[in-house]
Amino acid sequence: MSKRLVLVGVKRCVDYSQVNLVRTKPDKSALVTQNLKMSMNPFDEIAVTEAVKLKKSNAIDEVVAVSIGPKACQEIIRKALAMGADRGVHVETDEPELQPLAVSKLIAKVAEKEKPSIILLGKQAIDDDSNQTGQLTAALLGWPQGTQAYKINASADSKSVEVVKEVDAGLQTVNLKTPCVVTCDLRLNEPVYANVKEVMKARTKPLEKLTPDQLGVDVKPRIKVLEVAQPTAKKAGKIVESVDELLAGLKKEG
């Protein structure tokens with residue numbers, strides 16, 4: 001019987017506590033993130049936690065964490081290893097503007113090499129909010145997909161995965177044949193936090209290093225960003241004493 005494997009994507013991005021400190025360049029060509037704390041995308045923390053849960057339930061045998069980007073991404077992979085992943089894959093590139101299509105192509109190539117039963121990804125990253133990588137990866141591989149997972153149940157033989165997601169009318173359940181791609185939403189689980197022993201152990205776990213050229217993928221941007229800008233400042237709120245005062249204020253504001 002072949003090994004049942006989950007490939008889980010982990011992205012290095014600005015820590016959620018510092019997103020309000022991100023500023024635009026004077027020419028509005030890009031965002032400035034230098035000197036800000038970087039960490040694992042919160043949605044990817046959920047994906048890693050779910051992958052480890054699947055392993056503990058004996059639904060899969062191995063968890064492989066993959067990250068794409070500069071050398072510093074290895075810190076994020078080591079965090080995933082400390083959380084319970086078995087080994088890591090780092091596709092190293094210094095391309096400053098990695099777009100979802102390039103990331104999806106690289107993940108697809110790694111998947112062709114690793115042959116996972118499931119690819120688990122965060123539904124989106126908190127830096128660009130694209131919400132595209134999971135869908136694009138599934139399309140490139142020709143695999144079924146379940147997005148924004150609220151609950152995941154894998155069959156004992158890993159031949160199918162049941163994904164429950166929140167929709168406007170309530171909950172929607174889909175059943176996917178493996179291999180498949182699943183993206184994880186916030187309420188799927190509470191991320192696990194590694195203790196010192198696991199952090200030390202993660203340093204000795206295998207970490208394979210690859211490049212886009214080795215995988216035959218061109219990571220140059222396909223979309224040109226014309227301009228980025230800070231959000232418009234909101235007016236200060238006002239507390240009113242009655243409904244009549246509220247209505248009068250709304251009429252005045254037009």
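This is a predicted model: local features need pLDDT of at least 70, side-chain atom pairs count only at pLDDT 80 or more; totals for chains, interfaces and linings use all residues.
Local features are reported at pLDDT of at least 70, side-chain atom pairs count only at pLDDT 80 or more, and totals for chains, interfaces and linings use all residues. Residues are numbered from 1 along each chain as its sequence is written, and side-chain values use heavy atoms, with hydrogens and water left out. Helices (H or I, at least four residues) and strands (E, at least two) are DSSP runs numbered from the N terminus.

- Strands of a sheet pair through backbone hydrogen bonds, either parallel or antiparallel.

**Strand E12 and its partners**

- Strand E9 (residues 145-154) runs parallel to strand E12 (residues 180-184), and 3 bridges join them.
- Gly146 has Val182 as its bridge partner in E12, and Ala149 stands opposite Cys184 in E12.
- E8 also runs parallel to E12, joined to it by 5 bridges; Leu121 has Thr183 as its bridge partner in E12.
- Of the 5 residues of E12, 5 are buried, so the strand is largely enclosed by the rest of the structure. Buried means under 20% relative accessible area, exposed over 50%, and partly exposed in between (1.4 Å probe, protein chains only).
- In a regular strand the side chains alternate between the two faces of the sheet.
- In E12, Cys180, Val182 and Cys184 lie on one side and Val181 and Thr183 on the other, and all are buried, leaving both faces covered.

**Salt bridges**

- Lys79 and Glu45 form one, with the closest N and O atoms 2.6 Å apart. This pair links distant parts of the chain, since Lys79 is in helix H2 (residues 73-83) and Glu45 in helix H1 (residues 42-56), 34 residues apart.
- Lys79 is partly exposed at 31% relative accessible area, whereas Glu45 is buried at 12%.
- Arg87 and Glu114 meet in another salt bridge (2.6 Å, N to O). Arg87 belongs to strand E7 (residues 87-92) and Glu114 to helix H3 (residues 100-114), 27 residues apart.
- Glu114 is buried, at 12% relative accessible area.
- Salt bridges link Glu62, Arg87, Lys113, Glu114 and Glu208 in a network.
- Glu112 pairs with Lys109, the closest N and O atoms being 3.9 Å apart. The two are 3 residues apart in helix H3, so about one helical turn separates them.
- Glu112 is partly exposed at 45% relative accessibility, and Lys109 is partly exposed at 32%.

**Two glutamine sites**

- Gln18 sits in the loop between strand E2 (12-14) and strand E3 (23-24) and is buried, with a relative accessible area of 19%.
- A polar atom of the Gln18 side chain lies 2.7 Å from the backbone nitrogen of Lys37. A polar contact is a pair of N or O atoms within 3.5 Å; within protein, one must be able to donate a hydrogen and the other to accept it, and residues adjacent in sequence count only if both atoms are side-chain atoms.
- Leaving aside neighbours within four places in sequence, Gln18 is in contact with Leu36 and Lys37.
- Gln214 is in helix H6 (residues 212-215) and is exposed at 56% relative accessibility.
- The Gln214 side chain reaches the backbone nitrogen of Thr211 at 2.9 Å.
- Gln214 and Gly146 are 68 residues apart along the chain, with 29 Å between their C-alpha atoms.

Conventions
A salt bridge is a side-chain nitrogen of Lys or Arg within 4 Å of a carboxyl oxygen of Asp or Glu. Two strands pair if DSSP finds at least two bridges between them. Contact means heavy atoms within 4.5 Å.
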